[in-house]
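Q: I am new to this structure and would like to learn how to read its features. Could we go through them one at a time?

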Amino acid sequence: MILLTVLVATLVIAVCLPVLGQRVLERRIVFVDLALAQVAATGYALGMAIDVPGVFAAAATTAIAVIFMAMMDEETPLPKEAVMGCVYVFAASVGMVLLSLLPYGEGQLMGLLFGSVLGIDWQGIGELALFSGIGLALALPNHTNSFSGRLRFYTGLSLIIVPAIYAIGVLLVFAYLVMPALSVWRRGHNGPAWEALTLAAIASIVGTFVADMLDLPPSATVVLTLAVIAVITGTIIHYNNLGPEEPEAPDTENKEKIEQEPEEILGAAHKK
Amino acid sequence: MLKKAFELHIAFTALLLLLASLLLPGPATAKTIVVATVPALAQIAQAIGDIDIEVKALTRVGQDPNVFAPRPGHARLLTHADLLFTVGFGLESSWLPSLIELSGNDKIIPGSAGYLSGGDAIEAIGVPRGMSSQQMSEWSPDKNPHWWLDPELGIKVAKALTVRLSEIDAVNTARYQQRLRLFEQAIYEALPRWRDYMRINTGAVITYHNTYVYFMQAMHIELAGFIEPRSGIEPSTRYMDHLLEVIREKHVQLIWVEPYNNRAIAKRLADAAGIKMMVLPDAVEGYGTAGYVGMFDKMIERIARWSQ
């Protein structure tokens, strides 16, 4: 019975997260999930400190973080990963200071940060699927590199990641976001989404049953299974792409870009 | 000329005396300062020492002593301590040794007269009744430090504390011993009442960690199992299903979790089995004997209320 909810929950994230992970990977903002989850948890602690329902406070702080992230241009000369890391440590430190003032705060925040796949029931799975659906609808369609476009992307991202981490924990969310996308990554670009999705789904099924049979912690076992499958797939993809035909595709793309760029620059200059 | 030199000499001596009185420790009028690591131990110390000592606690009610993060203020608290009163059995081992070192107080180093731990007075618990062989194998008797949740062990440690306080402050020995008798009396008066209450109100129980095992043993409550047998390691799905069977077989009605545990997992198990989950405190605000006895009163009352 509990095995079944665990299996379905890991399958839901196996469907939702890898595609999103590809968007995250190409933008080089892998830390975004940890940063958003920490901001939400700190917001929750803040809510407890000032007697506001924790969920609303978490939503408010997450919204502020999303606006802050959306202000950052996608072509920014700043290393975006470093910005995300800073958001994470800042939020974590604020949270720690708040918690030192609150009795019982620790347990609450830990519960928020480290949800467990064992704790999710059918209602939780429904909520997870609902939030993920809305989030994917917002984050996946191509957006312009404008404030509103980026805002839509980060809002979608936070709608998927924050509830997912709350429900099933950092370990699984981080793994499913990054590992499948990384595994099918080739020549500096994202691979086909179906590949990432398939290997994630296989890892969910195999990992959950292996954990049950061998009496192991499900979260960690599923992540390890995913890692093994991802490494094998990644290796196969790497050697298959050494053939003579494939390399031309990215090269021509590059050439086109190089050819286009001066025109664009000139065009922009002419317009001005 | 000579007179002036003499006056100067007197003034200088007076100044020296003043400085000496400021720098050297004062006479025996100062109270003995006892620093306890957890609130319940502070209450035991207050019960024995009351107005003759000054008691401070490092952690507050609601802070998990396993993962406590001390601040500089806590080291300063230890600097002037005459006695450090700890739970022992590894509960504070992740943060207390460095804090003692930081305080620079030689009196409270483990092994010295100013350091008293629960481990100096009592043995850790054995395997509690009602456990399966699988659970016994995961049971590490020397790792369970939550003895203060057994009132009789509280008395044993209070006795050791009385002896130690009498060594440090011999003048008040009789008063400490008198208060120990009152403390003992208060607990033995309440104990039959607590046990009766629990016998009527609760059957076998599942708990999150092994925190409440001492309490269950003292109150004759049967333990059906732990949700997380090894602290910090997620249970497997197979183990969770096994717990569901245990709940059915032993007619478990209630799951207890500490305020610090992951409630989602306990809640999920309770919902799947159609039983209730409750948060049980392991410390309660209060002073001295009344505070310590009040903690058991509150725990018993909560369990009784949730069992209905």
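Q: At what angle do helix α9 (residues 193–214) of chain A and helix α10 (residues 218–240) of chain A pack, and how far apart are their axes?
A: The model is predicted. In it, α9(A) and α10(A) pack at an angle of about 140°, and their axes are 8 Å apart. Angles over 145 degrees would count as roughly antiparallel and 65 to 115 as roughly perpendicular, and the two helices are therefore oblique to each other. The crossing in which α9(A) passes α10(A) is right-handed.

Q: Which residues make the contact between α9(A) and α10(A)?
A: From α9(A), the residues include Glu195(A), Leu199(A), Ile202(A), Val206(A) and Val210(A). They meet residues of α10(A), among them Pro218(A), Val222(A), Leu226(A), Ile229(A) and Ile237(A). By class, this contact of α9(A) with α10(A) has 13 nonpolar, 6 polar and 1 charged residues.

Q: How do helix α8 (residues 170–183) of chain A and α9(A) pack?
A: Read the angle and the axes again. For α8(A) and α9(A) the angle is about 125°, with the axes 8 Å apart. These two helices are therefore oblique to each other, and their crossing is right-handed. On the α8(A) side, the contact has Tyr176(A), Pro180(A), Ala181(A) and Ser183(A). These meet Ala196(A), Leu199(A), Ala200(A), Ala203(A) and Ser204(A) in α9(A). The residues of this contact divide into 7 nonpolar, 2 polar and no charged.

Q: What is the angle between helix α2 (residues 32–49) of chain A and α3(A)?
A: The two pack at about 140°, with their axes 7 Å apart. That angle makes α2(A) oblique to α3(A). In passing α3(A), α2(A) makes a right-handed crossing. Among the residues of α2(A) in the contact are Val32(A), Leu36(A), Val39(A) and Tyr44(A), while α3(A) gives residues including Val55(A), Thr61(A), Val66(A) and Met69(A). The contact of α2(A) with α3(A) has 13 nonpolar, 5 polar and no charged residues by class.

Q: How much area do chain A and chain B bury between them?
A: The size of an interface is often given as the accessible area lost when the parts come together. Here chain A and chain B bury about 2300 Å² between them, and 51% of it is on carbon and sulfur atoms. In this interface, 30 residues of chain A are in contact with 29 residues of chain B.

Q: How many salt bridges are there between chain A and chain B, and how many over all chains?
A: Side chains of opposite charge can pair when their charged atoms come close. The count between chain A and chain B is 0 salt bridges, and over all chains the count comes to 16. One of the salt bridges is formed by Arg150(A) with Asp73(A), where the closest N and O atoms are 3.9 Å apart. Arg150(A) lies in helix α7 (residues 147–168) of chain A and Asp73(A) in the loop between α3 (54–70) and α4 (80–101) of chain A, so this pair ties together parts 77 residues apart in sequence.

Technical notes. Residues numbered from 1 in each chain as written. Chains lettered and ligands numbered in written order. Predicted model: local features only at pLDDT ≥ 70, side-chain atom pairs only at ≥ 80, totals over all residues. Heavy atoms only, no water. Axes fitted to C-alpha atoms, helices over the stretch in contact; angles between N-to-C directions. Helix = DSSP H or I, 4+ residues; strand = E, 2+ residues; numbered from the N terminus. Parallel < 35°, antiparallel > 145°, perpendicular 65-115°, else oblique. Left-handed = near helix turned anticlockwise from the far one by under 90°. Contact = heavy atoms within 4.5 Å. Nonpolar A, V, L, I, M, F, W, Y, C, P; charged D, E, K, R; others polar. Buried area = accessible area lost by both parts, 1.4 Å probe. Salt bridge = Lys/Arg side-chain N within 4 Å of Asp/Glu carboxyl O.
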